[in-house]
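Please consider the structure shown below. The paragraphs that follow lead through its helices, strands and aromatic contacts in turn.

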Amino acid sequence: VGFARRENKLQALENELRGKLGKFYYHKVDLCSEENILEAFNWIKKTLKSVDVLINNAGVWKHSDLLGNTNDWKQMFDTNVIGTNICSREAIKIMEEIQIKEGHIININSVAGHYIFPFFKDMSVYSASKHGITAITEYLRELMGMKNLPIRVTSISPGAVETEMTDSLSQLLEGVKMLKSIDIAEAIMYALSAPQRVNVSEIIIRPTGENTISFVKNVV
């Protein structure tokens, strides 16, 4: 099941997956809307009965620093933090109800959730939201242990990845080596494929040869 704001992207993915194993369902969901999220999870519960794996992949980076636009800040926190946590909460509710034997929550984080990049002034609020995801993911893993639930929790933190989000930074990132989306997908598969006794709690992925000097040169 795929959630996204843009239905055309979901339809394109549906076409790409047609004829392959399984069936792809999608829902148009704005992760800034709790009502949208709850409706989608209610549909899953009624139609598919269970959630085994949740991958929180949605993320927004607005070019806004700590003196910037309030609406930009809200969109980043609503999408990157609040929406992610609502999805996790609703998935875990279903997992608990059906007494799942093996569940997994994977949050796509960022290296910006672990380090401060002072030379990227437009990254400050985005980075703050991702630091929030680092804390939330670890607290959620602890909570699953305290509740004795067989639900693993993983944070995957990539460096620069070639995506639509980084297209707007093409000039800034010119000459900087970047990861491919498939690299992150394979990291997800690695975390999922570990035996149930193994919780891969954190994966940080960087492009080979990535270094701070490359970024600073482009910014300065």
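**A guided reading of the model**

Helix H6 comprises residues 181-193, which is 13 residues, and spans 19 Å from its first C-alpha to its last, close to the 18 Å expected at 1.5 Å a residue. The expected span is taken as 1.5 Å times one less than the number of residues. Helices (H or I, at least four residues) and strands (E, at least two) are DSSP runs, numbered from the N terminus. The model is predicted, with local features requiring pLDDT of at least 70 and side-chain atom pairs counted only at pLDDT 80 or more, while totals for chains, interfaces and linings use all residues. Residues are numbered from 1 along each chain as its sequence is written, and side-chain values use heavy atoms, with hydrogens and water left out.

The buried residues of H6 are Ile184, Ala187, Ile188 and Ala191. Here buried means under 20% relative accessible area, exposed means over 50%, and partly exposed lies in between (1.4 Å probe, protein chains only). Viewed down the axis of H6, the buried residues fall within an arc of 100 degrees, so they line one face of the helix; the arc is that of the directions from the helix axis to the C-beta atoms. On the face of H6 turned away from the buried side are the exposed residues Glu186, Met189, Tyr190 and Ser193.

The strands come next. In a regular strand the side chains alternate between the two faces of the sheet. S6 runs parallel to strand S5 (residues 151-158), and four bridges join the two; strands are taken to pair if DSSP finds at least two bridges between them. Ser155 has Glu202 of S6 as its bridge partner.

S5 is mostly covered, with eight of its eight residues buried. Ile151, Val153, Ser155 and Ser157 lie on one side of S5, and Arg152, Thr154, Ile156 and Pro158 on the other. Strand S4 (residues 103-108) is also parallel to S5, joined by six bridges, and His104 has Arg152 of S5 as its bridge partner. Together, S4, H4 and S5 make a right-handed β-α-β unit. A crossover is right-handed if, with the strands pointing away from the viewer, the path from the first strand over the helix to the second runs clockwise.

How many aromatic pairs does a search of the whole structure find? The search finds four. One of them joins Phe24 and Tyr26 in a tilted arrangement, 6.4 Å centre to centre with 35 degrees between the planes. Rings of Phe, Tyr and Trp (its six-membered ring) pair if their centres lie within 6.5 Å; planes under 30 degrees apart count as stacked, over 60 as edge-to-face and the rest as tilted. Phe24 is buried at 16% relative accessible area, while Tyr26, at 22% relative accessibility, counts as partly exposed.

Trp61 and Tyr126 form a stacked pair, 5.2 Å centre to centre with 20 degrees between the planes. Trp61 lies in the loop between strand S3 (53-56) and helix H3 (70-97) and Tyr126 in helix H4 (residues 124-146), so the pair ties together parts that are 65 residues apart in sequence. Both Trp61 and Tyr126 are buried.
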